[in-house]
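Open the model in your viewer and get ready to select residues. Each stop says what to pick and what is there.

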Amino acid sequence: MNITVLAVGTKMPQWVDHAVRDYSKRFGREIQFQLKEIKPEKRGAGVNAEQAMAAEEQRIVAAIPAHSYLIVLDERGKAPTSMELADSLKKWQQQGDNLCFIIGGADGMTTYLKQRANMLMRLSSLTLPHGMVRVLLTEQLYRAQSILHNHPYHRE
C-alpha cells in the first residue's frame, strides 16, 4: 500500500521533519509512505485568501497520485479513534486502495477539494499548527499499522 501525504507548506522546523521521517521509517515494507510538500501561494500584493487557495488547489490536484482514496483533513471531518483508523486502514489495504491525505494551507482548502474527497477527517477539535499535523498524522498511521500487527506500541 502507498500512503502519500500532500501538505501545503515548506521549510518546517527540524523537529517536524525529524519526527515524520522517524515514524515513516517504522512502517516496514507493507506501506510505502511519502510526504510531498506543496508550495504555498504568497500572500499580499493583491492576492486574497480565495485566490491563494485556488492556486494551491491546482498544485495539490497535480500532485494527487492516480487512483488514490482521497482523505482531506478538515475541521468538520470525522474524528476517528486510533482503533477506528486501524479498522479503516485494514479495509483500505484489503481493497488494494492507495491513500492520499491532504493537509491544506494557512487559509484552508477549496470547496472543490473537500467535495472531491472520499472522506473528510479531523485529527483534533483543537486548532493545530501545520507541522504538528504532519507529525500527528504520521504517528497515528503508524499506530494504526502497529494495532493491525498486534505490536506493543499501542496499549489499550
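Which residues does Q140 touch, not counting residues up to four places away in sequence? Select Q140 and look around its atoms. Q140 touches S82 and L85; contact means heavy atoms within 4.5 Å. Q140 lies in helix α5. Its relative accessibility is 17%, so Q140 counts as buried. The scale is this: buried means under 20% relative accessible area, exposed over 50%, partly exposed in between, with a 1.4 Å probe and protein chains only.

A word on the model. It is predicted: local features need pLDDT of at least 70, side-chain atom pairs count only at pLDDT 80 or more, and totals for chains, interfaces and linings use all residues. Residues are numbered from 1 along each chain as its sequence is written, and side-chain values use heavy atoms, with hydrogens and water left out.

**Stop two: helix α1**

Select residues 14-25, which form helix α1. Helices (H or I, at least four residues) and strands (E, at least two) are DSSP runs, numbered from the N terminus. The 12 residues of α1 should span 16 Å at 1.5 Å a residue, and the end C-alpha atoms are 17 Å apart, which agrees. The expected span is 1.5 Å times one less than the number of residues.

Now colour V16, A19, V20 and Y23, the buried residues of α1. Look down the axis of α1: these buried residues fall within an arc of 95 degrees, so they line one face of the helix. The arc is taken from the directions from the helix axis to the C-beta atoms. They pack against β2 (32-38) and α5. Turn to the other side of α1, where Q14, H18 and K25 are exposed.

Show the side chains. In α1, W15 and S24 are among the residues that meet α5. On the α5 side, the partners include M132, R134 and Y142.

**Last stop: two positive phi values**

Pick H67, in the loop between α2 (49-63) and β3 (68-78). Phi of H67 is near 60 degrees, positive in a residue other than glycine. H67 counts as exposed, at 78% relative accessibility.

Finish at N150, in the segment after α5. Its phi is near 55 degrees, again a positive value in a residue other than glycine. N150 is exposed, with a relative accessible area of 72%.

Terms used
Axes are lines fitted to C-alpha atoms, for helices over the stretch in contact, and angles run from 0 to 180 degrees between N-to-C directions.
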